[in-house]
Amino acid sequence: MSAEAPGPPEAAGPPPLVRLLQEFTLEANRYVDTAGGRNDMHRTDLNALAVIMRHTARNQIVTPGLLRKELNLSSPATTALIDRLHSSGHVVREREGTDRRQVQLRMTPKAYRDGGAMFLPLARHMGAAMEHFTPEELETVTRFLNSMIAATIRAGEEAARGPDHK
């Protein structure tokens, strides 16, 4: 009698579309690591700039606390991150409004220039790839990706609560 371990069932693993999303995420992370590394920036630095840019575009105030929460960092790690971004000339700390104790973070023109240069090749290649799709197809993909983002956020919230609090 053979003691071979059984192989994985044919249906093991995520569906093909989920596998493609995983592969896209991996390749996007590799790009960010490469582009950031060539500019002496960590992935967390670039993620922080993306958070600041997103909130700024919505006319929302960005504080160290918001950054800490969105990036799931400790307070010391958040301070180190902001220090790096400030030292590199990508972020300024400002105190505005009635509560002068509250530090607000703003991206500098240098951050926008450097970010544009880092992500220009990705934008160029993605733009060229998107030209092969109709506006209707792109709308369907947009709805799909928004749905996947929302599902991922819900899954992350569930994971943070733990298995006993679904």
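**A helix crossing and its setting**

Tutor: In this predicted model, helix H2 (residues 43–57) and helix H4 (residues 75–87) have axes that come within 10 Å and cross at roughly 80°. Since angles from 65 to 115 degrees count as roughly perpendicular, H2 is therefore described as roughly perpendicular to H4. On the H2 side the contact is made by Thr44, Asp45, Ala48 and Leu49, and on the H4 side by Leu81, Arg84 and Leu85. By residue class, the contact of H2 with H4 comprises 4 nonpolar, 1 polar and 2 charged residues.

Turning to the aromatic rings, a search of the whole structure finds 1 aromatic pair. Tyr31 and Phe119 form this tilted pair, with 5.9 Å centre to centre and 50° between the planes. Because Tyr31 lies in helix H1 (residues 16–38) and Phe119 in helix H5 (residues 109–130), the pair ties together parts that are 88 residues apart in sequence. Tyr31 counts as partly exposed, at 21% relative accessibility, and Phe119 also counts as partly exposed, at 26%.

As for the setting, the protein has 6 helices and 2 strands, and along the sequence they follow the pattern α-α-α-α-β-β-α-α. The radius of gyration of the protein is 20 Å, well over the 15 Å that the globule rule gives for 166 residues, so the protein is more spread out than a compact globule. The C-alpha trace spans about 75 × 45 × 30 Å along its principal axes, and buried residues make up 17% of the 166 residues. Of the contacts between residues at least 6 apart in sequence, 43% join residues at least 24 apart.

Methods. Residues are numbered from 1 along each chain as its sequence is written. This is a predicted model: local features need pLDDT of at least 70, side-chain atom pairs count only at pLDDT 80 or more; totals for chains, interfaces and linings use all residues. Side-chain values use heavy atoms; hydrogens and water are left out. Axes are lines fitted to C-alpha atoms, for helices over the stretch in contact, and angles run from 0 to 180 degrees between N-to-C directions. Helices (H or I, at least four residues) and strands (E, at least two) are DSSP runs, numbered from the N terminus. Angles under 35 degrees count as roughly parallel, over 145 as roughly antiparallel, 65 to 115 as roughly perpendicular and the rest as oblique. Contact means heavy atoms within 4.5 Å. Ala, Val, Leu, Ile, Met, Phe, Trp, Tyr, Cys and Pro count as nonpolar, Asp, Glu, Lys and Arg as charged, and the others, Gly among them, as polar. Rings of Phe, Tyr and Trp (its six-membered ring) pair if their centres lie within 6.5 Å; planes under 30 degrees apart count as stacked, over 60 as edge-to-face and the rest as tilted. Buried means under 20% relative accessible area, exposed over 50%, partly exposed in between (1.4 Å probe, protein chains only). The radius of gyration is taken over C-alpha atoms; the globule rule is 2.2 Å times the number of residues to the power 0.38.
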